Amino acid sequence: MSSSFFSPRRPTHHWLVSAVALLGLAGTGLTRADATEPEVLLTIREHRFEPAEIKVPANRRIKLVVHNQDASAEEFESHTLNREKVVPGRSKATLFIGPLKAGRYEFFGEYHAASAKGVIVAE
Amino acid sequence: MSATALIVFRETLEAALIVGIIAAATRGMAARWRWLGSGVAAGAIGAVILALLADHIATLAEGLGQDFANIAILSLALAMLVWHSVLGQQHGFAAAQDARRLGTAVRSGGHTPAVLALACALAVLREGAETVLFVIGLVGTDTTVAPHAPLLGLAVGLAAGTAVGVMIYLGLSRVPTRRLFAVTHGLIVILAAAIASQLARALTQAGLVQHWDTPLWDSSRWLAPDSALGTLLHALAGYDARPSGLQLLFYGGTLVLITLASRRVRATATPRPVAAA
C-alpha cells in the first residue's frame with residue numbers, strides 16, 4: 001500500500017501543517033510599500049487626466065496616486081497595465097504599477113472614456 | 001445613454017453569469033430560489049452601502065482601502081466556491097448516481113445553500129458597488145445630463161446583463177440531469193480559479209506582493225480583453241490578456257487545490273470493505 005503524501009490515510013494534521021507551511025512561505029512574499037518607490041500624482045479634473053502623459057522609470061514599481069477632484073467617481077483602467085480601480089468623487093486612491101518594460105502604456109477613465117485618456121511612458 | 005448601458009452591462013454580466021451558473025447547479029435543491037434570491041438581494045443592499053461608503057473606504061490604508069475591501073470580498077468568494085467545489089463533489093457525485101439508479105430527481109445534491117447564497121451575494125456586491133457608484137456619479141453630480149438618460153442606460157445595461165445570465169441558466173437547464181453535476185461543477189471550479197486570479201491581481205495592485213508581478217505574455221492580438229468574447233471569457237473563466245506569473249500561480253494553484261482536496265474527500269468518504277469477522 002502506498003504511503004504517498006497524498007494518500008487518504010495521511011492524518012489530517014499533516015495536511016494542516018503543510019498548509020500552514022505553504023502559507024508561511026507565501027507570506028514571506030508579502031511586502032508593504034517601501035519608501036524608495038517613485039510616487040506619481042495623477043489628477044482627474046473635469047473628466048480629464050492631468051497630466052495626460054506621465055514619464056516613469058522603467059523596471060521599477062511605481063506608486064500611482066490618483067486624485068479625483070471631480071464630484072463624480074471615475075474608474076482608472078488600463079489593459080496594458082492590467083489595472084483597474086474606482087476612485088470616488090473628491091477622493092484620492094493609490095495603486096501600484098510596474099515594474100514596466102520600456103514603452104507606452106495607455107490608460108483611460110472607464111466612466112468618461114471619451115475625454116479621460118492618458119499614457120504612461122516608461123523609459 | 002449607450003455608453004452608460006455598456007458599462008452597466010459589463011458590470012452586471014459578471015455577477016449574472018455567476019448567479020446563473022449557481023442557479024443551474026442547484027437544480028432540484030429545495031427552496032433554491034429563496035436562497036439565491038436572498039443572496040442576490042443581500043448583495044444588492046450591500047452594494048448600495050458599499051457605494052455610499054466608497055469615499056471613506058478609498059482613503060483608508062493610505063489610499064488602498066478599496067483594494068483591501070476588494071481583497072477581502074474576493075478571498076471570501078474564493079473560499080465559498082472552493083468549499084462548495086470540494087465538498088459538493090462528494091455529495092453531489094453520490095447523489096447523482098443514486099438519482100440515476102432510482103430515476104428520481106436529485107433532492108439537494110449535497111449543496112450547502114448558505115455557501116452558495118453567500119457566493120451569489122458577494123458577486124452582486126462587487127459588481128453592484130461599482131455600478132451604483134457609477135450611476136450616482138452620473139445622476140447626482142453631472143448637471144449637464146438630464147437624469148433620465150443615465151437611468152435609462154442603467155435599466156438597459158441591467159436588463160442586458162441579466163438576460164445573459166438567464167441565457168446561461170436556460171442553456172445549462174437543458175443539460176440532462178446525469179451530466180448536469182459534472183458540467184456545473186466544472187464551471188464552478190473554473191470560476192473559482194478566475195476569482196483567484198483576480199485576487200492575485202488585487203494583491204499586486206495594492207502593493208502587497210512584489211513577486212511575479214510582470215505579465216508573462218500578451219494575447220490581446222488574438223483575443224482583445226475588451227471584445228465581446230474577451231469580456232465573456234473574462235467573466236466565465238478569468239481570461240486575462242496579460243496575466244502575471246502570480247495570477248497564473250493562483251489560477252493553477254486553485255485548480256490543483258480543488259482537485260487534490262476533492263480526491264481526498266472522496267477517498268475518505270468511500271466506504272471500505274469490512275473484513276469478515
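These questions and answers cover a predicted model with chains A and B.

User: How many helices and strands does chain B have?
Analyst: Along the sequence, the pattern of chain B reads α-α-α-α-α-α-α-α-α. Of its 277 residues, 48% count as buried. The secondary structure of chain B comes to nine helices and zero strands.

User: At what angle do the axes of helix 2 and helix 3 of chain B cross?
Analyst: Helix 2 spans residues 32-52 and helix 3 spans residues 54-63. Leu50(B), Ala51(B) and Leu52(B) in helix 2 meet Ala54(B), Asp55(B) and Ile57(B) in helix 3. By class, this contact has five nonpolar, no polar and one charged residues. The two axes come within 4 Å and cross at roughly 65°.

User: Which helices of chain B do the buried residues of helix 8 pack against?
Analyst: Helix 8 covers residues 228-237 of chain B. Its buried residues include Gly230(B), Thr231(B), His234(B), Ala235(B) and Leu236(B). The buried residues of helix 8 pack against helix 1 and helix 7 of chain B.

User: Which residue with a positive phi follows helix 8 of chain B?
Analyst: Helix 8 ends at position 237. The residue after the helix has a phi near 75°. That residue is Gly238(B).

User: What is the volume of the largest cavity?
Analyst: The lining holds 43 residues. Glu75(A), Glu84(A), Glu11(B), Glu130(B) and Arg201(B) lie nearest the centre of this cavity. The volume is about 850 Å³.

User: How many charged residues are in the lining of the largest cavity?
Analyst: Helix 4 (residues 65-102) of chain B gives the most to this lining, with six residues. By class, the lining divides into 16 nonpolar and ten polar residues, and the rest are charged. The charged residues number 17.

User: Which helix gives the most to the lining of the second largest cavity?
Analyst: This cavity holds about 70 Å³ of space. Its lining includes Glu14(B), Arg126(B), Leu191(B) and Ala235(B). Two or more residues come from each of helix 1 (2-25), helix 5 (113-141) and helix 7 (177-205) of chain B. With four residues, the one that gives the most is helix 7 of chain B.

User: How many residues in the lining of the second largest cavity are nonpolar?
Analyst: Ala15(B), Ile18(B) and Ala123(B) are among the lining residues. The lining also has one polar and three charged residues. The nonpolar residues number seven.

User: Which helix gives the most to the lining of the second largest pocket?
Analyst: This pocket holds about 510 Å³ of space. Of its 22 lining residues, the closest to the centre are Thr12(B), Val40(B), Val124(B), Leu158(B) and Thr162(B). Helix 1, helix 2, helix 5 and helix 6 (148-173) of chain B each supply at least two residues. With seven residues, the top contributor is helix 1 of chain B.

User: How many residues in the lining of the second largest pocket are nonpolar?
Analyst: Six residues of this lining are polar. Two are charged. The nonpolar residues number 14.

User: Which are the edge strands of the open sheet of five strands in chain A?
Analyst: The strand order is 3-9-8-5-6, with mixed pairing. Neighbouring strands are turned by 20° against each other on average, direction ignored. An edge strand pairs on one side only, and the edges are strand 3 (53-56) and strand 6 (83-87) of chain A.

User: Which residue in strand 6 of chain A is the bridge partner of Glu74(A)?
Analyst: Strand 5 (residues 74-78) and strand 6 of chain A run antiparallel. Five bridges join them. The partner of Glu74(A) is Val87(A).

User: Which residue in strand 7 of chain A stands opposite His67(A)?
Analyst: Strand 4 (residues 62-68) and strand 7 of chain A pair in the antiparallel sense over seven bridges. Strand 7 (residues 91-97) is mostly covered, with six of its seven residues buried. Opposite His67(A) stands Lys92(A).

Terms used
Residues numbered from 1 in each chain as written. Chains lettered and ligands numbered in written order. Predicted model: local features only at pLDDT ≥ 70, side-chain atom pairs only at ≥ 80, totals over all residues. Heavy atoms only, no water. Axes fitted to C-alpha atoms, helices over the stretch in contact; angles between N-to-C directions. Contact = heavy atoms within 4.5 Å. Nonpolar A, V, L, I, M, F, W, Y, C, P; charged D, E, K, R; others polar. 1 Å grid on protein atoms, 1.4 Å probe; cavity = no way out; pocket = protein on both sides within 12 Å on 5 of 7 lines; lining within 4 Å. Points joined across faces, edges and corners; volume = space filled by probe spheres on them. Pairing = 2+ DSSP bridges. Buried < 20%, exposed > 50% of the residue type's maximum accessible area, 1.4 Å probe, protein only.
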